[in-house]
Amino acid sequence: MTAPTVPTVPTAPSPRSPRPGTAPAPAPGASCPGSPDLLRSVFRQHAAGVAVITAQDGGRPVGFTATSLNSVSADPPLLSFTIGTGASSWPAVRDSEYLGVHILGEHQRELAGLFARSGADRFGPSTGWAAGPHGVPVLDGVLAWLVCRVVARVPAGEHRVIIAEAVVGDPAGEGRPLLYHQGRFNALRD
């Protein structure tokens, strides 16, 4: 399957953009302009929900923790997430027609860490799961889950943006969502 070509849309210059021929002065404590370090340091300030994406790879379950999950459209019901092409789960995500998306609760920090750790036995005895619709692994005890059909894999640097359409799911789990902030899994505070 070849990823579709995505047109780019020109944007207006930011009012904070420097005049042509001048370099902006970095803010105190700022990283290099336009650098990977700058992007990482800014997104450490962004609290994100925590999800686990699952798939089948030759009859065996695979999965990974994702903090890049987004709702794209309600009609049709589309979502997106990103995955690095060097990730161990990438071949399964690349080749699967259906994927599982699981929203984790604050009681699932260990599960989030397990699915984020390279080389871990993610579907070992401590992970509760069952084969769900379309054979997709569905995790136990999550706040909500979906099985989605992949509709696009869009190149984005060394990653792919996966766009998928929700097919079936269950939003009825109990608890509060797990968040990722400042490089750690966190619970909501009242």
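**View 1. Helix H3 lies across strands S2 and S3.** Axes are lines fitted to C-alpha atoms, for helices over the stretch in contact, and angles run from 0 to 180 degrees between N-to-C directions. Helices (H or I, at least four residues) and strands (E, at least two) are DSSP runs, numbered from the N terminus. The model is predicted: local features need pLDDT of at least 70, side-chain atom pairs count only at pLDDT 80 or more, and totals for chains, interfaces and linings use all residues. Residues are numbered from 1 along each chain as its sequence is written, and side-chain values use heavy atoms, with hydrogens and water left out.

**View 2. Buried residues of H3 and their cover.** Leu111, Ala112, Gly113, Leu114 and Phe115 of H3 are buried (under 20% relative accessible area, with a 1.4 Å probe and protein chains only). Their cover includes S2, S3, strand S8 (137-139), S11 and strand S12 (184-187), where contact means heavy atoms within 4.5 Å. In the protein, buried residues make up 33% of the 190 residues.

**View 3. An open sheet of seven strands.** The strand order is S3-S2-S6-S9-S10-S5-S4, with antiparallel pairing; two strands pair if DSSP finds at least two bridges between them. S3 and strand S4 (70-73) are at the edges with a single partner strand each, so one side of each has no neighbour in the sheet. From one strand to the next, the twist averages 35 degrees.

**View 4. The S6-S9 pair within the sheet.** Strand S6 (residues 98-103) and strand S9 (residues 144-156) run antiparallel and are joined by six bridges. Val101 stands opposite Leu146 in S9.

**View 5. The largest pocket.** This pocket holds about 1,100 Å³ of space. On a 1 Å grid over the protein atoms alone, a pocket is an open set of points where a 1.4 Å probe fits, with protein on both sides within 12 Å along at least five of seven lines. Its volume is the space filled by probe spheres set on the points, which are joined across faces, edges and corners. The lining has 26 residues, and Phe43, Thr67, Ser68, Thr82 and His159 lie nearest the centre; a lining residue has an atom within 4 Å of a point. Helix H1 (36-43) gives the most to the lining, four residues. By class, 12 lining residues are nonpolar, 12 polar and two charged. Ala, Val, Leu, Ile, Met, Phe, Trp, Tyr, Cys and Pro count as nonpolar, Asp, Glu, Lys and Arg as charged, and the others, Gly among them, as polar.

Notes. Buried < 20%, exposed > 50% of the residue type's maximum accessible area, 1.4 Å probe, protein only.
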